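Subject: Model handover and notes

Hello,

Please find below the structure I said I would pass on. My notes on it come after.

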Amino acid sequence: CIMKKKLFLKIFLCLFVFCSCAYKPIYKKNSLFSHKINILVKSDDYNKKIPLLMKASLNQKLNSKKSKPSNLKLIVSLSKSVSGLAYNKDLYSSGKILNINLQYTFYDKKGVILSGNLQNKSSYFLGESPYANLVSKENATKNIISSLSESLSKIIVASKFNRSLSPWS
């Protein structure tokens, strides 16, 4: 009985050590590009928080610490518009719709690789409190920027380019 347990244990250890799991991740955790993508974000708004937030979010999703310097460039242009909704029954609060349009162009040393537009909108409410209004507007903006940067990074990573990338200068 003890011999059978030892034999079973040896076989189990051999199977455990030599056989691997069948799970293989589809996507790498690191960026698809081993080269750093230089990101430039422009905005028609005087608020500098929106471009900085977009750049930081894209940089986090597309570049890793191990990325090599390159001539890959992503230029993003943001435009923001706000339109009003109807007043609530209390006549002291109203709603606003924040719409952010994103135009992007991805370059390598040879020229344009990919370009397009993305758009997202969110609503927020304005009431009597100026602080609550500011927080509500900033939360809507952060949610839109986060969603747009996620979509843009997925588009860039998943795109099949017509030609091979030339990241070197």
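Predicted model: local features only at pLDDT ≥ 70, side-chain atom pairs only at ≥ 80, totals over all residues.

Residues are numbered from 1 along each chain as its sequence is written, and side-chain values use heavy atoms, with hydrogens and water left out.

Fold

The chain has 3 helices and 4 strands, where helices (H or I, at least four residues) and strands (E, at least two) are DSSP runs numbered from the N terminus. Along the sequence their order is α-β-α-β-β-β-α. Of the 169 residues in the chain, 28% are buried; buried stands for under 20% relative accessible area, exposed for over 50%, and partly exposed for what lies in between (1.4 Å probe, protein chains only).

Helix 2 has 14 residues and spans 20 Å from its first C-alpha to its last, close to the expected 20 Å at 1.5 Å a residue. The expected span is 1.5 Å times one less than the number of residues in the helix. Its buried residues are Ile-50, Pro-51, Met-54, Ser-57, Leu-58 and Leu-62. These lie on the same side of helix 2, because they cover an arc of only 135° around the axis; the arc is that of the directions from the helix axis to the C-beta atoms. On the face turned away from that buried side, helix 2 carries the exposed residues Lys-49, Leu-52 and Gln-60.

Helix 3 has 29 residues and reaches 42 Å between its first and last C-alpha, close to the 42 Å expected at 1.5 Å a residue. Its buried residues include Ala-140, Ile-144, Leu-148, Leu-152 and Ile-156. With a relative accessibility of 0%, Ile-156 counts as buried. The C-alpha atoms of Ile-156 and Leu-62 are separated by 8.6 Å, and the two residues are 94 residues apart along the chain.

Salt bridges

Side chains of opposite charge can pair when their charged atoms come close. A salt bridge here is a side-chain nitrogen of Lys or Arg within 4 Å of a carboxyl oxygen of Asp or Glu. A search of the whole structure finds 3 of these.

Lys-49 pairs with Glu-138, with the closest N and O atoms 3.3 Å apart. This pair links distant parts of the chain, since Lys-49 is in helix 2 (residues 49-62) and Glu-138 is in helix 3 (residues 130-158), 89 residues apart. Lys-49 is exposed, at 54% relative accessible area, whereas Glu-138 is partly exposed, at 29%.

Lys-61 and Glu-150 form a salt bridge at 3.7 Å, N to O. Here too the pair links distant parts of the chain: Lys-61 lies in helix 2 and Glu-150 in helix 3, 89 residues apart. Both ends are partly exposed, Lys-61 with a relative accessible area of 28% and Glu-150 with 32%.

Glu-150 also forms a salt bridge with Lys-154, the closest N and O atoms being 3.6 Å apart. These two residues both lie in helix 3, 4 residues apart, about one turn of the helix. Lys-154 is exposed, with a relative accessible area of 52%. Shared partners join Lys-61, Glu-150 and Lys-154 into one network of salt bridges.

The second largest pocket

On a 1 Å grid over the protein atoms alone, a pocket is an open set of points with protein on both sides within 12 Å along at least five of seven lines, and a cavity is a set of points where a 1.4 Å probe fits but cannot get out; lining residues have an atom within 4 Å of a point. The second largest pocket has a volume of about 200 Å³, taken as the space filled by probe spheres set on the points, with grid points joined across faces, edges and corners.

Its lining consists of Asn-47, Lys-49, Ile-50, Leu-53, Lys-80, Leu-134, Lys-137, Glu-138, Thr-141 and Lys-142. Helix 2 and helix 3 are the elements that give two or more residues to this lining, and helix 3 supplies the largest share, 5 residues. By type, the lining divides into 3 nonpolar, 2 polar and 5 charged residues. Ala, Val, Leu, Ile, Met, Phe, Trp, Tyr, Cys and Pro count as nonpolar, Asp, Glu, Lys and Arg as charged, and the others, Gly among them, as polar. Lys-49 and Glu-138, both in this lining, are also the partners in the 3.3 Å salt bridge.

Regards
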